[in-house]
Structure formats: C-alpha cells, structure tokens
Amino acid sequence: MTVKEKSDDERPKKSVECCGYPVSIFFIVVNEFCERFSYYGMRAVLVLYFRYFLRWDDDLATSIYHAFVALCYLTPILGAIVADSWLGKFKTIIYLSIVYAIGQIVMAVSAIQDITDTNRDGTSNNMTVHVALAMIGLVLIALGTGGIKPCVSAFGGDQFKDHQMRQRSTFFSVFYLCINAGSLLSTLITPILRGQECGIYSTQKCYPLAFGVPAALMVVSLVVFIAGSGMYVKAAPKGNIMLDVSKCIGFAVKNRFNHRSSKYPKREHWLDWADEKYDKLLIAQIKMVLKVLFLYIPLPMFWTLFDQKGSRWTLQATTMDGTFGSLVLQPDQMQTVNPILILTLVPIMDRIVYPLIRKCGFKFTPLKRMTVGMFLAAMAFVSAALVQIQIDKTLPVFPSSTQTQLKVVNMGSAQLQVNIPPDTTVQLGSLKASKDYMTFDSPNITVSLNTNPVINKAFTLSLGQRHTLIIPSDPNAMYLTEDLTAKPEQGNNAVRFVNGMSTALNVSNIALIEPSAVSNNTLVSQGSRKFTITDGMNSCQFSTQFGFGGAYTFLIPSTLIWNENCGNVVTVEDIQPNTVHMALQIPQYFLITAGEVVFSVTGLEFSYSQAPSNMKAVLQAGWLLTVAVGNIIVLIVAELAKLPDKWAEYVLFASLLVAVCIIFSIMAYFYTYIDPAAIEAKFKQNNEQEPDEKEAKESNALEMETHKTLQSQENEINLTKI
C-alpha cells in the first residue's frame, strides 16, 4: 500500500533545499502573499465601488458585497473535491488561478468609466455594461479564490518529508504571516489608489487603478507559482473523504427509510444503518464529525456581524472625520485596524491572558472561549450603534417630502430685515447669511424687505428641497437657487461661488460665472485647497482648509478687493462637515477583533482536536460553510429589515447574536469532549481482536465436540467390557 502511494506521487528529479527547507516552498509563500494582497485589496474598496461608482444604495451595496463573500466561502468545497478526486492540488491551483486572474482583470475593466461615456463630459453613462462586467468578475474571483483556498496550504505541506516536522510547522507559521501581511498592506494601499483622480473624458475616483493593482498581483502570483513547477512534490489525487462521508450518510438515510417498519430491530444511532455496507470505524468517525457539526449550527451569526466591518462599518466611516494629525485616513483604510490587532492580540492571548486565567483556577474550555468571542462581537455592534447615534446628531435635518427649506443671503452693502409671513423675520448684515435653514410646510412664500420703498416678492419653493435666496446689491433682482439635500459622498466637500459683481468671473477648477449668478456645486477632497478668481484683467488667490463631507458657498461681493488673498470673499457653511472622528471606531474594531481571536482561532483549534485523523478536511469545509451562511444572513436582513436608522440595525444584529450566544452556551454545556485518537485506536484494536475471538470460539467448540466423541467412545468401550 505504502509503495503504491509513493509511486503515484510526482516528485522532482532532484530535491533542492536551502537552510533545511525545500526551495519550492518559497514560491508557494510568495504566491500566497500576492494572492492575499489581490483578494483583500480588491475587497477593501468593493463596497465603495458599489455605492459610489455603480450608484447602488447602502442596502443593495451591502447585500451584493456579502453575497460575494458568501460565494467565496462556498467554493472551497468544490475546490477540495476537484483537487482530491480528479486534478490534484497542483493543477487545481493553476487552472483556478487563471480563472481568478481573469476575474480580477474583468473587475478592473468594469471600473473604467470612459468605456461607456455617451458624452465627453461624462454626464451620461450606461451602467449596465459596468454592472454586467462587475458581476462576471466577482463570480470568477469567488470561484478562483475559494477553489484554491483548501489547496495551497495543503500543497505546501506536501513539499516536506516525514522527518521535517519542525520545518513544516515553521512553514505554516510563515504562511499565516503572509496572509495577514498581504491583508494589511493591501487594505492600506488600494484605498490610496482609489483616492487618486483619473479619467480620459471625465475625472473620477480611480477604481480602475484600485482594482488593476490587485489584478497585476494575481498575475504575478500565478507566474511565481508556475516558475517553481519543476521543484514541487505533486501528490496524485487519492479520493475525497467528503464524498465518502456524503455517500455513507446517504446510504444510512436510505437504508433506514427502506426498513422503517417496526419489525426491524432498532439501532442505537441512525448512522448504524450504514454498517451493512461501510466499515464501523468510518461510521464512528462520521458520528464524531456530526457531533461537532451540530455545534456549528449557531456559529454563522458570528460571521454575520464580523464581515460587516468591510461593508456597513466602511460606509459608516464615510460620514466621519479621518484626520489623524498630518495623516488622513480613507474610510476603507480603517479596515487595517483588524489585521494589526490580530497580529497583536494572538500572542497576547496565548502567552498572557489564557495562562493567567488558568492560574486563577478557571477552566476556560474552548467552547467557553467561543461563547465569549460571540459576546464580544455583539458588544462591538453595540459600540457601533453608539457611534452611529453620535454621527446622527451631527447630520443636517433635511426637509421631508411635504416640507421645504430656505436660507437667505445678503450680498448688498446695507443691513436688511427680511420678513416672510406669517411669523419669520431675519436680520442680515452686509455679506451675511441666515445661520440655519428655515423650514416651511407650504411651498408658496412672500418675501418682504424693509427697503425704501418696501419690496415684496412671491416665490414658489419645491417641496422636499433646500433653497438659498440670494439678495444682490439691487434687492429687486433677488433670486433663488436649489441646494444640496444630502451630504457630499465619500467625505468630499461641495463648493460653489456666488458672483456679486457686474462682470463675469472665472474661478479656477470651477467654471465661468456670469454676473449675479451662482456656480454649480463642485466636489473637492479634504485638505487645503487654493482658488484663483479672475475677471480677465485682475486676479487674486485664496486658500481654504476643508474637512470631510461639508458644503460651502463662497460670496464674491461687488466690491471684491483684488489683493493677494482676495480680501473680502465670505464663506457660508451650508452643510456642516463630519465632526465625529474615525478614532471612535477603534473600540468596535478592538471588540470585534478580540472576538475573532477568541472565537475563530479557538474554533479551529477545537474542531481540529475533536475531528478524527482523516476528517479534518470535512470539519474545515463545515467551518467555511458557517462563514458563507453568515454572509447570506446579512443580505437577507439588509433587504428585509429596512430599518430607517442605522443604529437600530446595529442593535438588532447585536441582539440576535446575544440570543444565539445563549443558545450556543446551552449546547456547549451539554457537549462531552472526546479523544478521537483513542476512539479510533479502540476500534482498530477491536477489529484486530475479532478474528482471534472467532478462532478461539471455534477451537472451544471443536474441543467440546472432541470431548463428547471421546466420552462416547469411552462409554462404548466400558459397555463392551461389561
């Protein structure tokens, strides 16, 4: 048996080692780093791509994001079956990496806005092409990344010989480090690439570059892996245990159904109905696996909350202030807090926290740890809800569909009193604006100015809309503008200029503004920005420091001072910038990461310890399935709940996880830990003893029969003598 297995494996003609390690593993480690960079880099900006490029709302963007993540955790089962049953790990990695790279390239192409521009200014675009390409790209990526997930680490382990246990252990540590390093670097770099501006006909956030770099890294990953081809140990496919388990369970169910009448004797366990065809040891191993899989039932709820750090929490960060001194964080860069904390908390928990708990005499079993991890994740969402409440307090109150809002700006040099019947009066000095928007339930208003003579003018406002009433130097020429009814997206700032002069003005990066007119809103990013005003003969320049998510109107008076800093240009704040700092997200990231370390790492350790030697892959597939189901729950809740307040949705998720946590703790209380190795050894021993016992029984029967025969003969002899 052993000789045959060795002959089925394809081994390199000459084994090349460096410092006691096969050189082939260096290709595998580099391949994994590049692949993880590619995956996490693309995923870091994905929800913002949905939200701000494809123009989907928060709920749809969240749903598609989690549908993609769920698919990424469903396809590993397919990859494992293909690798173990047909192609082998090496060919599976090659073929699916090609699919993976194509998917990343398609995603990069889907983000090129200019390929579907109908106008050269980019004002009209056919989003159908972008959506179709994006969906094709995501399906290919999910198939690729999920398909190779169970193969790469196992393929790396195949490169070591039996006596290289220490080197193999070191390899898996480095392999895990590469995963986190790729995740950390990519979530830092790709948001920076996204934040650049690019485009041929129209300027946009550079999603093609943000997706293009991960695509390039995936191509590099594939090339590096192929480059080491001649050095790999390529184990031949030897059948898939998951298929054997499925067939055994299927046969047991079918056999039990076929013998459901009462005349057949009952069996201790429903799986015992498979012992007519399958080995008793295999049945016992499957029983152990099903016992653990039953405990997995509540686990998806943890992943429901955990994976929202890449969707809901990233969208939450877009409404916050990301200035950390001289460093400015993009909303999607906050995700880097997770891998940083993982690398910090794992050794702290293993070397400090767990030993201290043991010294205190508390039996902190794996299932108790997992329960604590679930509770920490729930508390993370409570923290997120508290942050959201603070954000909501700073958000402007926009008019409902039955209301309208108005702000008044005095561009003249004299003080004005503005009356709007029945009971609104505003006092405005020169180049001043009313502090807040006034809300009206009726669209029809009459504005009265205390000029000499008094000026009265009627206006019809649009319901559900904000307006600014501009009163120029000649009050009779007052006019309305329509203002923003939402905060600028992605932390950008909206700016516009009111020209109070009698000549046209050109403002750099904005537009040519006619006399007594207002420019359209233009989006500018956070930081210091310079604006140059010119009328063809004169020119001046001024700077303004912008935060995140504000809207501003700059008033250029008729008496503009053409000095170095455009002397008397006035800034009016229409929408307050984000004032809640992104640092407030750190507690929720800390809690969710602490929960991940206690829950996920412990869960994998528990599963490994409770799994039979040949069933580790089955439990790994079950574990990955809980991640997939968790992400499916997110998209279901996001589409069905439709809660008006984000904080309420966070509380809902936290409450669901607490309820599941209680159920899991009850299940854990009744769980009995087992030693799979001891059980397997006992079965093997019984199997070895069974032939001996049978032989002994046959020998005893033969002795008894012989004794009876001899006794009969002796009796006959005695009778003859008599």
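Visitor: Is Cys 360 buried or exposed?

Guide: This is a predicted model. In it, Cys 360 is exposed, and its relative accessible area is 68%.

Visitor: And Cys 661, buried or exposed?

Guide: Cys 661 counts as buried, at 8% relative accessibility. The cut-off for buried is under 20% relative accessible area.

Visitor: How many disulfides does the count come to?

Guide: The count comes to 1 disulfide. A disulfide is a covalent bond between the sulfur atoms of two cysteines.

Visitor: Which residues does the disulfide join?

Guide: Cys 540 and Cys 566 are joined, with an S to S distance of 2.1 Å.

Visitor: Where do Cys 540 and Cys 566 lie?

Guide: Cys 540 belongs to strand β22, residues 539-546, whereas Cys 566 sits in the loop between β23 (551-556) and β24 (570-575). The pair therefore ties together parts that are 26 residues apart in sequence.

Visitor: What is the handedness of that link?

Guide: The link of Cys 540 and Cys 566 is right-handed, with 110° about the S-S bond.

Visitor: Is Cys 540 buried or exposed? What about Cys 566?

Guide: Cys 540 is buried, at a relative accessible area of 3%. Cys 566 also counts as buried, with 1% relative accessibility.

Visitor: A change of topic: which domains does the assignment give?

Guide: The assignment gives domain 1 (15-239), domain 2 (279-394 + 583-676), domain 3 (396-486) and domain 4 (492-577).

Visitor: How far apart are the C-alpha centres of domain 1 and domain 4?

Guide: Those two centres, of domain 1 and domain 4, lie 44 Å apart.

Note on methods:
Residues numbered from 1 in each chain as written. Predicted model: local features only at pLDDT ≥ 70, side-chain atom pairs only at ≥ 80, totals over all residues. Heavy atoms only, no water. Disulfide = S-S within 2.5 Å. Helix = DSSP H or I, 4+ residues; strand = E, 2+ residues; numbered from the N terminus. Buried < 20%, exposed > 50% of the residue type's maximum accessible area, 1.4 Å probe, protein only. Domains from an automatic or database assignment.
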